[in-house]
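Visitor: I would like to go through this model and ask what stands behind each label.
Guide: Go ahead; each label will be set against its cut-off.

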Amino acid sequence: MEKMSKLSFAKWPLWITSLLFCVTAADFRYSVPEETKTKYVIGSLSKDLNLDSNRLRIRKARLDYQEDKRYCEVDLDSGNLFVSERIDREMLCGTTSPCLMHFEFVLENPLELHNVVLEVQDINDNPPVFPKDSIKLEISEGAPTGSKLQIARARDLDVGMNSVQTYILSQNKHFVLDTKSNKDRYVDIVLKNSLDRETKGEHSFILSAVDGGNPPKSGTVVIEVFVIDVNDNAPLFSQPLYNTRLSENAVLGTSVIKIAAIDVDEGANGQVTYYINHLSDNTKELFKIDEKYGEISVIGQLDHEKASSYEMEVQAEDGGGQTGHCKIVIEIDDVNDNAPVISVKSLKNQIPENIPAGSEIAVINVKDQDSGENSRVSCSISTSLPFKLQPYIKSYFIITTTRSLDREQIENYNVTITATDGGTPPLFSNKTLNIQVSDINDNPPTFELQTYVVYISENNKPSTSVCSVSANDPDWRQNGTVLYSLVTSEVNGVPVSSFLSINGDTGVIHAVRSFDYEQFRNFTVKVVARDNGSPPLSSNVTVKVFITDENDNSPQILYPVLDGKSLMTEMVPKSTPSGSLVSKVIAVDADSGQNAWMSYQIVKSTDPGLFTIGLHSGEIKTQRDISESDSMKQNLVILVKDNGQPSLSTTCAVNLLISDNLSEVPELKDMTYEDNSKLSSYLIIALVCVSTFFLTFIILIVAVKFCHRRKPRLLFDGAVAVPSTYFSPNYAEVDGAGTLRSSYNYDAYLTTGSRTSDFKFVSSYNENTLPACGTLMKSDIDSNMLHQSDEGECTEQKPPNADWRFPPNQRPGPSGAGAHPDEAGASAGVIAGTRPWPNPPTEAEQFQALMVAANVSEATATLGPRYNPQYGPDYRQNVFIPGSTATLMANPQQQVPQQALPPPQALPPVEAPKAAQTPASKKKPTKKDKK
């Protein structure tokens with residue numbers, strides 16, 4: 001290896017605003033012997049160019065060579081230049097010396113271009129070869145000594161010292177070689193001694209050509225010399241050199257040139273034959289000469305790109321062996337027969353959509369094998385594309401971006417490069433580059449709706465599909481894959497995951513549990529749609545869920561009590577006139593809307609024509625005056641039906657006793673005597689039970705006191721005793737416990753031993769019961785604790801004033817006489833009526849009035865605002881006194897006008913602490929208590 005030249009670089013910065021890479025051009029020359037084995041290392045480009053061999057592969061280092069075979073390659077790991085194919089100097093360069101091969105060493109990022117010149121050194125691999133294996137010559141016997149015979153020289157494809165250096169003539173008596181003559185074209189054989197045809201008419205000897213290789217090689221030719229009569233004139237051409245021009249698109253058979261040599265001899269010595277000496281293999285296939293006429297014609301396809309000129313030697317030989325020679329040079333004119341060739345040197349098949357403007361996309365090379373104006377090329381691409389084609393170095397062009405890209409609009413581009421040469425007519429070629437735009441996560445998911453509104457019926461089955469949300473992400477693959485999830489939140493203090501779940505792939509929202517319209521009516525959740533990009537993008541949407549009511553709650557009877565063990569009998573005075581209010585059925589429905597509208601009807605009665613009931617009010621009134629023939633005991637079966645579809649109903653029994661006094665009832669008189677006979681047995685059993693309960697009570701009271709320290713005050717307190725059986729065990733509380741607690745109930749006891757019965761009012765079982773006027777507030781310290789507000793003063797309920805009674809002088813008529821309660825004006829105050837009571841109310845009448853008032857008050861306080869007067873009939877405004885036309889009315893200042901049912905509102909469940917059960921609540925009532 002020989003490095004012919006080196007280029008020293010001066011280090012100084014180059015600022016190029018439009019192109020961000022550096023190019024260094026330099027010529028490096030190496031030499032290699034021909035026929036060298038493959039993988040032979042010629043030199044180290046990385047060392048000579050001061051390159052980092054580890055970055056050659058990254059920078060896509062390569063050698064570009066314009067011929068079909070590459071012959072040399074660059075080892076990207078070491079940076080060495082090595083032989084990749086067999087190199088034959090004679091095939092590449094012929095007789096041209098030196099034999100040079102030009103390569104382009106290209107580096108990218110930044111782009112560098114280096115010219116590499118490789119000299120192929122000749123080796124002695126070809127022996128000298130004569131044009132003919134034998135040469136026959138004729139010489140006149142009268143030829144003087146010193147005469148010369150010209151023999152065509154031997155041709156050796158090698159050059160330099162490996163070409164023909166010497167000629168050797170075999171020993172003979174008559175001929176020797178002329179050592180002084182120029183042997184570039186001919187070898188002169190000099191006649192040393194005169195010839196005598198009669199002594200010897202034919203002479204034969206061998207001429208050897210020896211080259212200067214090591215070891216040397218040689219070639220021989222047999223020369224036969226015939227001695228004839230005198231032929232002293234050789235053919236003579238008119239000029240030693242002929243020049244001609246020929247177009248490369250010349251058709252076969254086209255005449256190139258016609259030459260002629262003149263021989264003044266006569267006969268056979270004057271007949272001239274033409275030959276072309278030393279034609280290469282390629283030239284033999286292109287030209288031929290007419291041996292008789294000397295005309296050279298085309299027999300093959302010419303190509304200016306392969307050879308721009310041809311040079312040949314023509315020999316004219318007469319019949320006597322005398323020869324003449326001339327040289328012919330044929331110039332091949334170029335025609336525009338080659339279209340430009342576009343080569344892609346570097347290409348980024350995929351580019352991100354956020355690639356900045358001015359970024360390099362591809363490097364191309366455009367060449368035209370024609371010459372002159374035909375080889376000048378121009379390139380262009382469509383101006384509608386976001387790319388620009390710029391010329392760079394020599395025949396290199398680069399493609400850069402001109403603006404930002406958007407994969408969601410265009411996913412790929414077909415960039416067609418058009419190259420046109422300068423010929424006439426011009427030729428062009430196209431090459432299309434397919435550039436894919438890779439996706440980046442630049443688009444968040446987008447929901448189809450801004451807000452989803454969903455309606456679902458209560459009592460739904462778990463896993464029921466509620467709705468489906470859908471979000472679209474125009475990004476590609478994982479950047480466009482949308483996953484759905486619920487935003488962590490709470491609904492009335494309960495995690496939203498306890499209500500709904502969402503399919504992360506499809507966006508279908510399912511109900512986790514069954515909903516109850518009576519607990520809450522609507523809630524809002526947020527759904528997040530997140531793609532799978534990096535980093536992920538997301539968006540959310542609000543889903544409003546409204547629960548629609550179904551008729552799933554039958555009416556609940558508050559009064560009369562549905563417990564068969566209790567003796568609920570209404571006293572109706574015998575003097576009650578027609579149209580008087582004798583009792584009232586109070587019922588509520590936990591549903592809302594028309595599902596909570598109730599109607600009342602009597603389905604069974606002892607005397608069908610005696611009583612009637614209001615269709616919507618539930619008020620039981622007399623249809624006619626009571627007569628002596630009417631049965632004392634009147635049993636009514638009342639059907640309470642709501643307005644749902646289908647409707648639900650409940651029945652209750654109302655027992656009416658037509659009498660002015662309890663003592664007039666025979667069944668009540670006999671009770672005392674029947675019970676006295678079994679009193680002793682009951683007392684013994686009661687004594688044992690009381691003793692057991694007493695011990696238990698002591699233990700429980702200590703535990704209750706301890707627990708009460710940590711529990712907040714309860715919500716409600718009452719001033720009137722109400723039997724615990726007034727509330728259905730299946731009636732739902734506001735706080736969601738399932739049933740009304742016994743701690744909110746009161747028992748009333750009525751003695752039956754005398755004509756003057758008294759009421760015994762028993763206070764609440766739970767000392768922490770919240771008074772009716774109290775307010776429960778949420779603690780700032782603990783969000784789960786409730787405490788009673790101190791605002792305002794609680795005024796205990798006072799007993800009815802005695803002034804509702806009328807003096808005897810204002811009792812004009814019999815008991816029960818008076819106007820209908822509905823005719824009373826609103827200005828009646830606490831007591832509304834047109835006529836005074838004819839007789840003082842009996843003890844039973846007082847008991848019934850107070851029981852109804854307590855029942856309505858307690859039910860309204862316990863069940864909360866759902867049964868507040870603003871949502872339905874306020875039964876507390878119409879507390880009747882059996883056997884009279886008077887009605888206890890509420891304070892007019894507290895009355896609220898009746899209005900239609902409002903739209904349902906979501907009521908968050910409030911967990912009220914459970915009151916400890918005292919032994920008194922567990923105590924079984926004795927028979928005496930029942931009386």
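Guide: One definition comes before the rest: a residue is buried under 20% relative accessible area, exposed over 50%, and partly exposed in between. The model is predicted.

Visitor: Why is Asp333 called partly exposed?
Guide: The relative accessible area of Asp333 is 27%. That value lies between the limits of 20% and 50%, so Asp333 is partly exposed.

Visitor: What makes the pair of Asp333 and Arg245 a salt bridge?
Guide: The label requires a side-chain nitrogen of Lys or Arg within 4 Å of a carboxyl oxygen of Asp or Glu. For the side chains of Asp333 and Arg245, the N to O distance is 2.6 Å, and therefore the pair qualifies as a salt bridge. The two residues come from distant parts of the chain: Asp333 is in strand β23 (residues 323-333) and Arg245 in strand β16 (residues 241-247), 88 residues apart. In general, side chains of opposite charge can pair when their charged atoms come close.

Visitor: Is Arg245 buried or exposed?
Guide: Arg245 has 57% relative accessibility, so Arg245 counts as exposed.

Visitor: How many salt bridges does a search of the whole structure find?
Guide: The search finds 20 salt bridges. One of them joins the side chains of Arg624 and Asp607 at 2.8 Å, N to O. This pair also links distant parts of the chain, with Arg624 in the loop between β49 (619-622) and β50 (633-642) and Asp607 in the loop between β47 (598-605) and β48 (611-613), 17 residues apart. Arg624 has a relative accessible area of 28% and is therefore partly exposed.

Visitor: What makes Arg407, Glu408, Glu411 and Asp439 one network?
Guide: Salt bridges that share partners join these residues, Arg407, Glu408, Glu411 and Asp439.

Visitor: How do you know that Arg376 and Glu373 meet in a salt bridge?
Guide: Their side chains have an N to O distance of 3.0 Å. The cut-off is 4 Å, so the label applies to Arg376 and Glu373. Arg376 is exposed because its relative accessible area is 55%, whereas Glu373, at 43%, is partly exposed.

Visitor: Why is Ser31 called buried?
Guide: Ser31 lies in strand β1 (residues 27-33). Its relative accessibility is 5%, so Ser31 counts as buried.

Visitor: What makes the pairing of Ser31 with Gln121 a polar contact?
Guide: The two side chains make the contact at 3.3 Å. The limit for a pair of N or O atoms is 3.5 Å, so the distance for Ser31 and Gln121 meets it.

Visitor: Why is Leu302 called buried?
Guide: Leu302 has a relative accessible area of 3%; the limit is 20%, so Leu302 is buried. Leu302 is in the loop between β21 (295-298) and β22 (309-317). Leaving aside neighbours within four places in sequence, its contacts include Leu246, Ser247, Phe287 and Ile332.

Visitor: Which residues make the nonpolar surface patch of about 390 Å²?
Guide: The patch is made by Phe694, Leu695, Phe697 and Ile698. Phe694 is in helix α5 (residues 679-708). At 51% relative accessibility Phe694 counts as exposed, because the limit is over 50%.

Visitor: Where does UniProt place the feature "transmembrane region"?
Guide: The unreviewed UniProt entry places it at residues 682-704. In the model, that span is 100% helix and 0% strand, and its end C-alpha atoms lie 30 Å apart.

Visitor: What is the omega of the peptide bond that joins Thr424 and Pro425?
Guide: Omega is about -5 degrees, and the bond is cis. Pro425 lies in the loop between β30 (412-421) and β31 (428-438). The bond from Tyr559 to Pro560 is also cis, with omega near 5 degrees.

Visitor: Why is Lys39 called exposed?
Guide: Lys39 has a relative accessible area of 61%; the label needs over 50%, so Lys39 is exposed. Phi of Lys39 is near 70 degrees, a positive value in a residue other than glycine.

Note on methods:
Residues are numbered from 1 along each chain as its sequence is written. This is a predicted model: local features need pLDDT of at least 70, side-chain atom pairs count only at pLDDT 80 or more; totals for chains, interfaces and linings use all residues. Side-chain values use heavy atoms; hydrogens and water are left out. Patches are made of residues with over 30% relative accessible area and no salt bridge: like charges are joined within 9 Å, nonpolar side chains (Val, Leu, Ile, Met, Phe, Trp, Tyr) within 5 Å. Accessible areas come from the Shrake-Rupley method with a 1.4 Å probe; for residues, only the protein chains shown count as cover. Helices (H or I, at least four residues) and strands (E, at least two) are DSSP runs, numbered from the N terminus. Buried means under 20% relative accessible area, exposed over 50%, partly exposed in between (1.4 Å probe, protein chains only). UniProt positions are given in the numbering used here, feature names are shortened, and annotations may be inferred rather than shown by experiment. A polar contact is a pair of N or O atoms within 3.5 Å; within protein, one must be able to donate a hydrogen and the other to accept it, and residues adjacent in sequence count only if both atoms are side-chain atoms. Contact means heavy atoms within 4.5 Å.
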